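Here's a quick tour of a protein chain and the charged pairs inside it. Take a look at the structure first, then read on.

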Amino acid sequence: MESIMGHRRTSLAVLLLGFTAIPAVVQCAVLPFCPVLKKLRGVADVSADMQEMKEESRQMMREKKVTIPELFRSPLYRQPLLIAVMLQLSQQLSGINAKAGVSQPVYATIGTGVVNTAFTVVSLFVVERAGRRSLHLIGLMGMAVSAVLMTVAMALLEQVDMMSYISIAATFSFVAFFEIGPGPIPWFIVAELFSQGPRPSAFAVAGFSNWTANFIVGMCFPHVEKLCGPYVFIIFTVLLLFFFVFTYFKVPETKGRTFDEISAGFRQTARRGGGGEVLPGGDEQPGGRFPALSPPPGPAPPSRPLAHAGAHY
């Protein structure tokens with residue numbers, strides 16, 4: 001900072017923080033003129049998607065808001081909430097922020113930033129063509145393999161000269177696979193697992209889980225690194241493999257499916273798990289008192305994939 005902006009007691013450092021407002025202003029100015037949905041779908045006619053959004057907006061006005069305590073108590077939301085939390089944990093416990101604490105040359109740090117940016121752009125084009133679940137699985141397994149390579153390279157760094165290059169390549173691969181899967185996918189899937197009623201509460205719980213895991217990794221990693229040395233990423237490898245297995249068996253594919261199709265599987269699980277049978281209108285028989293995952297009956301929207309979900313990480 002001092003080498004870029006001058007002496008630390010000058011006020012130029014404040015200007016550097018203010019520069020972040022420039023992209024936001026530019027985006028707000030040009031966004032109304034960008035055919036985002038047309039680019040996303042690859043077609044000129046997006047009237048069906050617009051109609052689906054309008055219908056969902058009308059359903060949102062009719063649907064009861066679900067509080068966080070209700071979200072935890074209702075068996076209807078138990079499975080999607082578990083999936084949402086586990087996906088957020090898979091993002092932060094993957095070791096992506098711990099990697100930043102590993103010392104590396106300046107050119108490697110710059111290269112990591114370039115790879116991060118490049119594969120973030122790649123993920124924007126891939127996420128609507130490949131399944132969310134598939135991308136998350138690919139990202140988790142790719143990060144696990146990269147973590148193993150980083151561990152081997154760091155363990156043999158003093159004995160073999162070329163291991164420094166392997167370590168850097170593994171770091172680039174680690175970041176690339178993160179941007180393909182665990183980076184954006186958890187936020188996509190959370191938005192697609194919940195209807196408008198419980199969605200704000202679900203995002204609050206998911207965000208809390210994400211930042212809590214981030215805090216734990218940031219506080220514990222320096223001490224664990226001192227204890228484990230070059231083998232510290234073995235811990236993250238085990239966690240990545242665990243999240244891979246969980247995603248494979250528990251996370252549904254949401255690409256190309258309407259919300260009603262996704263929620264039908266959760267309603268069946270809720271019936272088997274107890275807590276009351278879900279009635280067609282969304283209420284439960286005695287033993288449960290919360291609304292179902294799907295909104296009350298109304299005009300059925302076209303059976304097209306959800307278009308409103310966004311990624312944020």
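Predicted model: local features only at pLDDT ≥ 70, side-chain atom pairs only at ≥ 80, totals over all residues.

Residues are numbered from 1 along each chain as its sequence is written, and side-chain values use heavy atoms, with hydrogens and water left out.

An unreviewed UniProt entry lists "transmembrane region" for residues 106-127, 134-157, 163-190, 202-224 and 230-249. Those positions are in the numbering used here, feature names are shortened, and annotations may be inferred rather than shown by experiment. Two of the spans look like this in the model (helices are DSSP runs of H or I, at least four residues; strands are runs of E, at least two; both are numbered from the N terminus):

Now for the charges. Count a side-chain nitrogen of Lys or Arg within 4 Å of a carboxyl oxygen of Asp or Glu as a salt bridge, and you get 2 of them.

One joins Glu192 to Arg132, with the closest N and O atoms 2.8 Å apart. That pair ties together distant parts of the chain, 60 residues apart: Glu192 sits in helix α12 (residues 185-193) and Arg132 in helix α10 (residues 132-155). Glu192 is buried at 1% relative accessible area, and Arg132 is buried too, at 2%. Buried here means under 20% relative accessible area, exposed over 50%, and partly exposed in between (1.4 Å probe, protein chains only).

The other pairs Lys64 with Glu70 at 3.0 Å, N to O. Lys64 is partly exposed at 42%, whereas Glu70 is buried at 13%.
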